[in-house]
Structure formats: structure tokens, C-alpha cells
Amino acid sequence: MKKKVSESRIEQVYQVRPEHLNGAGRLFGGKLMEWIDELAGLVGIRHAQRDVITASVDNLKFIRGAYLKDLLVLIGRVTFVGRTSMEVRVDTYIESIDGIRKPINRAYLTLVAVDGDGNPVEVPGLLIETEAERAEWEAGIRRREMRKMRREEGF
């Protein structure tokens, strides 16, 4: 069985509050990483329809900072699936009061579906419907090969 990308896509909004700030008055990167990991996990659960664990974070690119009262929009979607694993892309934006979104972060995470004992289990395939989804899938193949090479090198 295959599932559409849209079936597990999630959009979540957060507001930056004082407890989210670092000493420089910006959103603490670790807090954003927590939100990204949480959202990716929910996307993975939706796709696999079972528990998932985060296996790796391939890319976490900070483009610009976020500040007190900023509205952050995180959008997660499955971009590639293997037999038991899924790649999830999470894009983070600052949304202005007039609805304009500016990117501040992009991350790719690998999640593995697990059974009740924590053993990997198969995940549904991914039904590619658009050229953008196809391009992301093909890039996901390349990222998977890079992850494999890094593992072989001890990373």
C-alpha cells in the first residue's frame, strides 16, 4: 500500500515566548530542534500508522534568527521512504502579521517505524503525485546514499 505525501503533511504554529530565548535574545536553537523533531515524529506516525524513532538528522540549516513574539510555522512532510525508514523534511518560517512567510530553517530527519518491542517494521510506500514530490524523492535517494557513506566512514 502506498500513501500520498499530503496524507501525513503537518503544519504547526508556535509563538516565540521569553522562555524560548537564549542569552542573545534569539530563539534558542535547541528549542527549534525540539519542535522540528516533534513535528517530524508526528509526520512519521501519520505515514507509518505506528510508533517511530528518530534515527538521524541529516541537515539542520539555520537561515536567520527568530525573536520574541515571532510566529513560527513548521511544515513537515515525507519526502522518501525505504523499507522501514522515512525521510521527513521540515521547513520553518517566520510568518508576519500580514501572512508573509520567510524561511528560517530547513531540516531532513530519518525516522524508523517500530513495533511494540522497538524492532523496525515496514512502512507504506509513497505515492508521488507532483514533479516537486518526484524531485524531492530523487534528492532523497542521493541523501540516503550520503548517509550510507557517512555511516561507513564512522559518522
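Student: Through how many residues does a hairpin join E4 to E5?
Tutor: Strands are DSSP runs of E with at least two residues, and helices are runs of H or I with at least four, both numbered from the N terminus. E4 covers residues 71-81 and E5 covers 85-95. The hairpin that joins E4 to E5 has a length in residues of 3.

Student: What kind of model is this?
Tutor: Residues are numbered from 1 along each chain as its sequence is written, and side-chain values use heavy atoms, with hydrogens and water left out. Local features need pLDDT of at least 70, side-chain atom pairs count only at pLDDT 80 or more, and totals for chains, interfaces and linings use all residues, the model being predicted.

Student: What is the order of the strands in the open sheet?
Tutor: Two strands pair if DSSP finds at least two bridges between them. E2 and E4 are joined by 6 bridges, E4 and E5 by 10, and E5 and E6 by 11. Pairing in this sheet of 5 strands is antiparallel, and the order is E2-E4-E5-E6-E3.

Student: Which strands have one side left without a neighbour in the sheet?
Tutor: A strand at the edge has a single partner strand, so one side of it is left without a neighbour in the sheet. Neighbouring strands are turned by 25° against each other on average, direction ignored. The strands at the edges are E2 and E3.

Student: Which residue in E5 is the bridge partner of Leu71?
Tutor: E4 and E5 run antiparallel. In E5, the bridge partner of Leu71 is Glu95.

Student: At what angle to E4 does H2 run?
Tutor: Angles run from 0 to 180 degrees between N-to-C directions, with axes fitted to C-alpha atoms, for helices over the stretch in contact. H1 (29-48) lies across E2, E3, E4, E5 and E6 at about 45° to E4. H2 touches E3, E4, E5 and E6 as it packs on the sheet, and its angle to E4 is about 80°.

Student: Is Thr92 buried or exposed?
Tutor: Thr92 is in E5 and stands opposite Asn105 in E6. Contact means heavy atoms within 4.5 Å; beyond four places in sequence, Thr92 touches residues including Leu32, Ile36 and Val73. Buried means under 20% relative accessible area with a 1.4 Å probe and protein chains only, exposed over 50%, and partly exposed in between. At 0% relative accessibility, Thr92 is buried.

Student: What is the relative accessible area of Ser8?
Tutor: Ser8 lies in the loop between E1 and E2. Beyond four places in sequence, Ser8 touches Val43, Arg46, His47, Gly76 and Val78. Ser8 counts as buried, and its relative accessible area is 0%.

Student: How many of the 11 residues of E4 are buried?
Tutor: E4 pairs with E2 on one side and with E5 on the other. E4 is mostly covered, and the count of its buried residues is 9.

Student: Which element gives the largest share of the lining of the largest pocket?
Tutor: A pocket is an open set of 1 Å grid points where a 1.4 Å probe fits, with protein on both sides within 12 Å along at least five of seven lines; lining residues have an atom within 4 Å of a point. The largest pocket holds about 350 Å³. Its 18 lining residues include Ser56, Thr110, Arg147, Lys148 and Arg151, the closest to its centre. The largest share, 6 residues, comes from H2.

Methods:
Points joined across faces, edges and corners; volume = space filled by probe spheres on them.
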